[in-house]
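I opened the model to look up a few items and wrote down what I found. The entries follow in the order I worked.

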Amino acid sequence: MTLISFQNPTSSGSVEFDSNNFDSYLASKELVFVNFYADWCRFSNLLAPIFNEAAEKVEKEFGETGRVVLGRVDCDKQSSIASRYKVSKYPTLKLIRNGIALKKEYRGQRSPEAFLEYIKKQLESPIQEFHELNEVLKIDAKKRVFIGYMTSNTSQGYDTYRRVASNLKEECSFYVGFGDASKQMHPPDHDIIAFRPDRTRSVDQDETFTGNIENFDELLAWTQAKCVALVREITFENAEELTEEGLPFLILFHHPDDADSIKRFNNLVQRELLEDRQTINFLTADGLKFAHPLHHLGKSEKDLPLIAIDSFRHMYLFPDAKQMDVPGKVKQFISNLHSGKLHREYHYGPDPTEPQAQEVVAGANQLPTNPPESTFKKLAPSDTRYSFVNRDEL
């Protein structure tokens, strides 16, 4: 008989977080890499010595900078912390940068060397430096761009800019010029950060940040509002990350050559749906690449464009994408999702006084009883990679 011995996750190495010290670490460290574990979980115990060894390696390499710490949370004892980050599977590894958790959990190789390399990569500067002012005109603006015109890289303003950029580097591009490279663009001893919209979609002039450049929260809020697009494109590469945001999807399925529908959809969101951005994600999807969801809706390429909601439980089809410009039509569709009306009508038919979302059924004129299952939830993280709160499932 083979005996398996587990190390307790409270051994030396990483810091044991609790309700008394967790927030102070978040406030004082740029990166906090957290191992959410449970003592009873076999996989948590297997990971514990590996994570502690990684913590020692990170401390040896970056300890003097004070920028990073690896820590662990016992989710049974610290349930309020686990609940804050919606942790229900163990072990779960999350990186918290400048107090804000990354939307995507760490799912790379679980070895001390891999963890160290991950931290090294996260600490790399996300800002590209230009050395002559004319280089600014040559910036490839496929992403939205922020440009810092600064005196030196030792100022508090630059450090704040660097931290903000590290939080948003996946969505936008960040540049900076120091000294002679940028002195024409800012008053003496007064650093400036400017926003440049995506030139493929806008001809707006660069917009200068007018707040306190040394205030992280203020600069982050301004930058985030400019950086994160209201409408994003979903791909097979980013679908998992988008599902982890936990919001239902309002998706425009379009033909890749149909730029007009994309423009109309963007205008609709900007015009009518801004207040809904906290409760639903606005997305566009290539209807040829995502033919499988269309098949679930009983549709195909010839039916494009289409608008649908994926609630991660079911998919609901908007009656007619051509009506997206009708004031209030799509907004009511979203409201009907949140009120439960869409789901109710799929099971019991339309309310007698109000036309509702189109039924999607196998046969014409058949009363729906089973709405199409969510397609995009299948692109979410696998439930089989972690232990579950229900210990019977171990």
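Where is T375 found? I located T375 in the loop between α11 (341–348) and β17 (387–388). Helices (H or I, at least four residues) and strands (E, at least two) are DSSP runs, numbered from the N terminus.

Before going on I noted the source: this is a predicted model, in which local features need pLDDT of at least 70 and side-chain atom pairs count only at pLDDT 80 or more, while totals for chains, interfaces and linings use all residues. Residues are numbered from 1 along each chain as its sequence is written, and side-chain values use heavy atoms, with hydrogens and water left out.

I looked up its accessibility: T375 counts as buried because its relative accessibility is 7%. Buried means under 20% relative accessible area, exposed over 50%, and partly exposed in between (1.4 Å probe, protein chains only). I then listed contacts (heavy atoms within 4.5 Å). Not counting residues up to four places away in sequence, T375 touches H292, P293, H296, D310 and M315.

**Sheet.** I traced an open sheet of five strands, with mixed pairing and the order β1-β3-β2-β5-β6. The edges are β1 (15–17) and β6 (100–101); each has a single partner strand, so one side of each lacks a neighbour in the sheet. Two strands pair if DSSP finds at least two bridges between them. β1 and β3 (residues 68–74) run parallel and pair over three bridges. Within that pairing I found V15 opposite G71 in β3.

**Salt bridges.** I searched the whole structure and got 20 salt bridges, each a side-chain nitrogen of Lys or Arg within 4 Å of a carboxyl oxygen of Asp or Glu.

Which residue forms a salt bridge with R84? The partner is D23, with the closest N and O atoms 3.0 Å apart. R84 lies in helix α3 (residues 79–84) and D23 in helix α1 (residues 22–28), so the pair ties together parts 61 residues apart in sequence. R84 is partly exposed at 42% relative accessible area, and D23 is partly exposed, also at 42%.

Next I checked E105 and K94, whose side chains meet in a salt bridge at 3.8 Å, N to O. E105 sits in the loop between β6 and α4 (112–122) and K94 in strand β5 (residues 92–97), 11 residues apart. I recorded both E105 and K94 as buried.

For R264 and D325 I read 2.8 Å, N to O. R264 is in helix α8 (residues 259–272), and D325 is in the loop between β16 (315–317) and α10 (329–338).
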